[in-house]
Amino acid sequence: MGKSLILPLAGIVIFLMLWQGVANSIITSLGQFPGPVQVWEQSKNLVDEHNRARQKEADFYKRQEERNAKKLAKNPDAEVKIRDYPGKATFFDQIITSLYTVSFGFFIASIIAIPLGIVCGLSEKVYQAVNPIIQTFKPVSPLAWLPLVTMVVSALYVTEEPMFEKAFLTSAFTVTLCCLWPTVINTTVGVTSIDRDLVNVSRVLQLPPLVHVRTIVIPSAIPMIFTGLRLSLATGWMVLIAAEMLAQNPGLGKFIWDEFQNGSSESLGRIMVAVLTIGLIGFILDRLMLAIQRRISWDKQAILR
């Protein structure tokens, strides 16, 4: 185990040294480009800001509860209200928002893409009809989708008591559109690559279509389906940051944009913290999906039984 850590640690140390050396030679309009030390300081500042904000939030609700308690003591029939905390979202709040947004978009994409990929894999005619559409929209940049999604959401999502903010839906649906294609393509490949022995067994047993899909197709195609899901999630996470910047939906993308617009001497360091956080979260999400994929084993004999 010790030897397996030497090279990664050496790579990290060399990277940090090169980063610091390059940062020392770059002077921007906002000051010195942040090196590892400055980024570490800003990360601690963001943690402190989050803790102070949580304390202010707790005090805010405590004061309301005390006022309401006094009001009810004087008049038990009095109507009391609890107002929401009006404080600004912290860096960690933005992380949670981004994770929620990408999960929402990724989930919608998955429930569309997996059935579509299964149908395309089972039917050559459906695949030939759908494939030109997939190949046309697959390379489209998320920035091209964003204006269209924004206009569609604004036109169709009209309600006096909205469940979701329009900016949130714009970001989430943009993620959905960009997450579709890797899952559709890999699911299709997985279904068309099913072992012929399994297909023959299904024909001999004359399994109904839905039973065939549930017992033969899905278990056999699971590895490729999860490969598509991993690629889709990685794509969606990258797309989300750009979407949040342009749609001004709360999240890490908006945090970066706000810091850039702020233009303070600390902004570059805070942006770099966000960049590193985005990379680490992306890595963790990918490892999580890979761990799930490895736990789902493909066992031909088990399926035959």
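Is Arg 270 buried or exposed? Arg 270 is buried, at a relative accessible area of 8%. Here buried means under 20% relative accessible area, exposed means over 50%, and partly exposed lies in between, for a 1.4 Å probe and protein chains only.

The model is predicted; local features need pLDDT of at least 70, side-chain atom pairs count only at pLDDT 80 or more, and totals for chains, interfaces and linings use all residues. Residues are numbered from 1 along each chain as its sequence is written, and side-chain values use heavy atoms, with hydrogens and water left out.

The structure holds eight salt bridges. A salt bridge is counted when a side-chain nitrogen of Lys or Arg lies within 4 Å of a carboxyl oxygen of Asp or Glu. One of them joins the side chains of Glu 49 and Arg 270, at 3.0 Å from N to O. This pair links distant parts of the chain: Glu 49 sits in helix α2 (residues 36-74) and Arg 270 in helix α10 (residues 267-295), 221 residues apart. Helices are DSSP runs of H or I with at least four residues, strands are runs of E with at least two, and both are numbered from the N terminus. Glu 49 is partly exposed, at 30% relative accessibility. A network of salt bridges links Glu 49, Glu 259 and Arg 270.

Helix α10 also carries Asp 286. The side chain of Asp 286 meets that of Arg 230 in a salt bridge, at 3.1 Å from N to O. Arg 230 belongs to helix α8 (residues 209-247) and Asp 286 to α10, so the pair ties together parts that are 56 residues apart in sequence. Arg 230 is partly exposed, with a relative accessible area of 21%. Asp 286 forms a salt bridge with Arg 287 as well, where the closest N and O atoms are 2.7 Å apart. Arg 287 is partly exposed, at 38% relative accessibility.

Helix α6 (residues 166-192) has 27 residues. Its expected span, 1.5 Å times one less than its number of residues, is 39 Å, and the end C-alpha atoms are 39 Å apart, which agrees. The helix is mostly covered, with 20 of its 27 residues buried. It bends by about 30° at Cys 179, and Pro 182 follows within four residues. The bend is the angle between axes fitted to the seven residues ending at a residue and the seven starting there.

Cys 179 is buried, at a relative accessible area of 1%. Cys 178 is buried too, at 9%. A disulfide requires a pair of cysteine sulfur atoms within 2.5 Å. By this rule the count is zero. The sulfur of Cys 178 has its closest cysteine sulfur in Cys 179, 7.2 Å away, which is too far for a bond.

The largest nonpolar core has 53 residues. Such a core is a set of buried Ala, Val, Leu, Ile, Met, Phe, Trp, Tyr and Cys residues joined through side-chain atoms within 4.5 Å. Helix α8 gives the most to this core, with 13 residues. Phe 91, Ile 194, Trp 237, Leu 252 and Ile 256 have the most contacts inside the core. Ile 194 touches Val 199, Ile 216, Val 217 and Ser 220, not counting residues up to four places away in sequence. Contact means heavy atoms within 4.5 Å.

Gln 248 lies in the loop between α8 and α9 (252-262). Gln 248 has a positive phi of about 55°, although it is not a glycine. Most residues other than glycine have a negative phi. Gln 248 is partly exposed, at 32% relative accessibility.
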